[in-house]
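The paragraphs below go through a protein model, beginning with a single residue and ending with the contact between domains. Please keep the sequence and the coordinates at hand while reading.

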Amino acid sequence: MKPARRLVAVSNRVGPLRGVAAAGGLAVGIVDALRESGGLWFGWSGRTVAAGRARLHREHADGMTVATLDLPQQDFERYYNNFSNGCLWPLLHFRIDLTQYHHADSDAYRHVNRRFAATLVRLLRPTDLVWVHDFHLIPLASELRRLGARQRIGFFLHTPFPPTEILSTLPHHEPLVRALFDYDLLGFQTDEDLNRFQDHVRRAARGSVRGATVGAFGREVRAGAFPIGIDVEQVHRFAFTRPGEQDFARMRAALAGRDQIIGVDRLDYSKGLLRRMAAYERYLEQHPESHGHVIYLQVAPVSRGQLKSYREFRHEVEAAKAQINGRFSRFDWTPVHYLNRALPRRTLAGLFRASRIALVTPVRDGMNLVAKEYVAAQDAEDPGVLVLSRFAGAARQMTDALIVNPFDGEETARALHHARQMPLAERRRRHERLMRGLVEYDVRRWRNEFITALADAPTGSGRRR
Ligand code: ADQ
């Protein structure tokens, strides 16, 4: 029997209904819960259209519904490319040197949230639990409330929450923070993000914090840390069954006894690729005995290529790669392999399994699921080593990884050396503890804890202090 309360998930991108396993992480976690409650997933259709031609699309499968809305081209560019990705994303990752703020973009952001709300409100039932995802949709609850929605609405921020000094550089940041108080529950990836939010509320909004309740602007909201996990069993299975296992075997054969270091990231400046390349270069300088015996494979699908900051970053990464290869390659050895493509998740799992080391060194990251997937794809008898940035949310939980400061190239180079030398017993010990953590706090627990906290949050909208 289905639970009485229907779950409604809202995110800018809506995952595929079929082939969810291929989409991975978040989609897997959410779709299970949607299926169980006969739920609804709402978001952008992925289509941009001429003004006045936006349509709502609906699809039903496996007892759940997906409803998506088209967006006019110009709105989409301003809301998504310019404001969400060109302004909020760098701000949330502490990169105020890259934020591009324009009034018109900020207006479009609000406007698109209003459009989404106007469509969604008509699809809601009184007892629905509404779960909104990520920074594209911060004002959604305010817009829904304005239209009379009384349902419990929760928000989960997948990125870091920045320090108040950084947040306050955003012109008109106050309405954005105020909009968070139209939710009933706010979820952050880590305690540190939660603390920075609370600190901002205390210092900039003259609000108060009492346990899990945060008050400001005459309202109260529940706020907590809900670190996102992965489907551990699925990733492991992908690495150990066909076709992932075949990719593993092919990779192993191609490596011919060399150690592979793997990096897998969207091509995004927050992921620390330039510093990572520099650290690898340092390692090669310091360890000539490794030449010919180690390969660094960086898989980095192009992301947000419409933005100049991303195009420039891509050129810098490619130049760094070319420099290392030009400097160290031999006719029979290329130290850096670089792929600009998304790969099937099963292949990725096979490549993780075949890699002796994963180098996950973002300069700032909400969680970082790659770190978790790498560990889940290992062979417990002969596991690889995770080198992880202390600035990934994942580092708060994965303390048995080799934790590095990505701004210290020497330290990262030393960690690579340590990882390559690490005895089997230590690798097993670290891997076992890491796996225990992954299994304990997997994607289902993340989802269930958030949904339970949302259902238990004090009722409805307009709670006044
Ligand atoms: P992302 O910034 O996208 O996510 P991450 O957490 O690493 O970062 O998730 C990326 C996902 O995409 C992983 O599942 C990974 O396997 C997959 N992926 C990456 N490169 C790929 C490739 N070449 N081919 C196929 N798949 C690839 C945001 C936040 C993170 C937060 C997540 C989840 O920025 O901090 O961890 O959301 O909340």
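Glutamate 426 is buried, with a relative accessible area of 17%; buried stands for under 20% relative accessible area, exposed for over 50%, and partly exposed for the range in between (1.4 Å probe, protein chains only). The model is predicted, so local features need pLDDT of at least 70 and side-chain atom pairs count only at pLDDT 80 or more, while totals for chains, interfaces and linings use all residues. Residues are numbered from 1 along each chain as its sequence is written, and side-chain values use heavy atoms, with hydrogens and water left out.

Helix α16, residues 424-440, contains glutamate 426; helices (H or I, at least four residues) and strands (E, at least two) are DSSP runs numbered from the N terminus. Glutamate 426 forms a salt bridge with arginine 430, with 2.9 Å between the closest N and O atoms. The term salt bridge requires a side-chain nitrogen of Lys or Arg within 4 Å of a carboxyl oxygen of Asp or Glu. Because the two residues are four apart in helix α16, about one helical turn separates glutamate 426 and arginine 430. Both of these residues are buried.

Alanine 425 also belongs to helix α16, but alanine 425 is exposed, with a relative accessible area of 51%. Its C-alpha atom is separated by 9.9 Å from that of proline 383, a residue 42 positions away along the chain.

Aspartate 400 is buried, with a relative accessible area of 17%, whereas arginine 433 is partly exposed at 40%.

The structure holds 42 salt bridges. One of them joins the side chains of aspartate 193 and arginine 196 (2.9 Å, N to O). These two residues lie three apart in helix α8, about one turn of the helix, and both are buried. Elsewhere, Glu281, Arg282, Glu285, Arg327 and Glu410 are linked in a network of salt bridges.

How is the chain divided into domains? Domain 1 covers 7-229 + 444-456 and domain 2 covers 232-440, with bounds that come from an automatic or database domain assignment. Taken over C-alpha atoms, the centres of domain 1 and domain 2 are 30 Å apart. The contact takes 27 residues from domain 1 and 22 residues from domain 2, where contact means heavy atoms within 4.5 Å.

The size of an interface is often given as the accessible area lost when the parts come together. Between domain 1 and domain 2 the buried area is about 2000 Å², of which carbon and sulfur atoms give 58%; this is the accessible area (1.4 Å probe) that two parts lose on being put together, summed over both.

Two salt bridges are counted between domain 1 and domain 2. On the domain 1 side of the contact, at least two residues each come from α1 (20-23), α2 (25-37), α3 (73-92) and α8 (191-204). Helix α3 gives the most to this side, with five residues. The residues of that side divide into 12 nonpolar, 11 polar and four charged; Ala, Val, Leu, Ile, Met, Phe, Trp, Tyr, Cys and Pro count as nonpolar, Asp, Glu, Lys and Arg as charged, and the others, Gly among them, as polar.
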